[in-house]
Amino acid sequence: MADDDLELLRARNAAAKEQVDGLLDTFRQQTEALREAQDAALRASASLTSKDGLVRASVDSSGALSALEFAPSAFDRSTPEALARAVLQLARQGAAEVRERVSDLMAPVSGGLPDLSDLFDDAPSLRGLMAGIPVPQADAPSSHESPGDADDDVPDSWLRRR
């Protein structure tokens, strides 16, 4: 091999190594940013109070009602139906606030990433996760199952085939 060819090969190798190192650095930075956004999203919550001050509701990062308080005078000043409507309204409003907050947290780190269905033909789309669409927990058995039965009735999917 001629010295010129060897030198050209070394230069190409160095350029490729530099490119890979840059990609790895970018990947590490994006991974850390994603980890921080996920941690913040897990801590997201909302607490709201009804206009009349009789009901206070808190919603956790999953959008589930995590605390509910009634003012001491709530049952004297309102009806059960009105209090129930207030609870539902606050829970829905809190869940919407948390979804928006999580979406805002994840937007900078998820922009431009390919969806799972873009990578694998038969994979489900994960874009709904970023939009706050609830996804069932695969590892949590339903109330009528025992923990050992959780995977017995799982349909064949691309996850099992891989």
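Which residues in the largest nonpolar core touch the most other members? They are Leu54, Val55, Leu83, Leu90, Val98, Val102 and Met106, in a core of 20 residues. The model is predicted, so local features need pLDDT of at least 70 and side-chain atom pairs count only at pLDDT 80 or more, while totals for chains, interfaces and linings use all residues. Residues are numbered from 1 along each chain as its sequence is written, and side-chain values use heavy atoms, with hydrogens and water left out.

**Overall layout**
- The protein has six helices and three strands, where helices (H or I, at least four residues) and strands (E, at least two) are DSSP runs numbered from the N terminus.
- Read from the N terminus, the elements follow the order α-β-β-β-α-α-α-α-α.
- Of its 162 residues, 19% count as buried; buried means under 20% relative accessible area, exposed over 50% and partly exposed in between, with a 1.4 Å probe and protein chains only.
- Among contacts (heavy atoms within 4.5 Å) with a separation of 6 or more, 46% join residues 24 or more positions apart.

**The nonpolar core**
- A nonpolar core here is a set of buried Ala, Val, Leu, Ile, Met, Phe, Trp, Tyr and Cys residues joined through side-chain atoms within 4.5 Å.
- Helix α3 gives the largest share, nine residues.

**How α1 packs against α3**
- The axes of these two helices, α1 and α3, come within 9 Å and cross at roughly 175°; axes are lines fitted to C-alpha atoms over the stretch in contact, and angles run from 0 to 180 degrees between N-to-C directions.
- The pair α1 and α3 is therefore roughly antiparallel, a label for angles over 145 degrees.
- On the α1 side, Ala33, Leu34, Ala37, Gln38, Ala40 and Ala41 meet Val102, Leu105, Met106 and Val109 of α3.
- By class, this contact of α1 with α3 holds nine nonpolar, one polar and no charged residues; Ala, Val, Leu, Ile, Met, Phe, Trp, Tyr, Cys and Pro count as nonpolar, Asp, Glu, Lys and Arg as charged, and the others, Gly among them, as polar.

**A look at Ala67**
- Ala67 sits in strand β3, residues 65-70, and counts as partly exposed because its relative accessibility is 29%.
- Beyond its neighbours within four places in sequence, Ala67 is in contact with Arg56, Ala57 and Ser58.
- Ala57 is 10 residues from Ala67 along the chain, and their C-alpha atoms are separated by 5.6 Å.

Note on methods. Angles under 35 degrees count as roughly parallel, over 145 as roughly antiparallel, 65 to 115 as roughly perpendicular and the rest as oblique.
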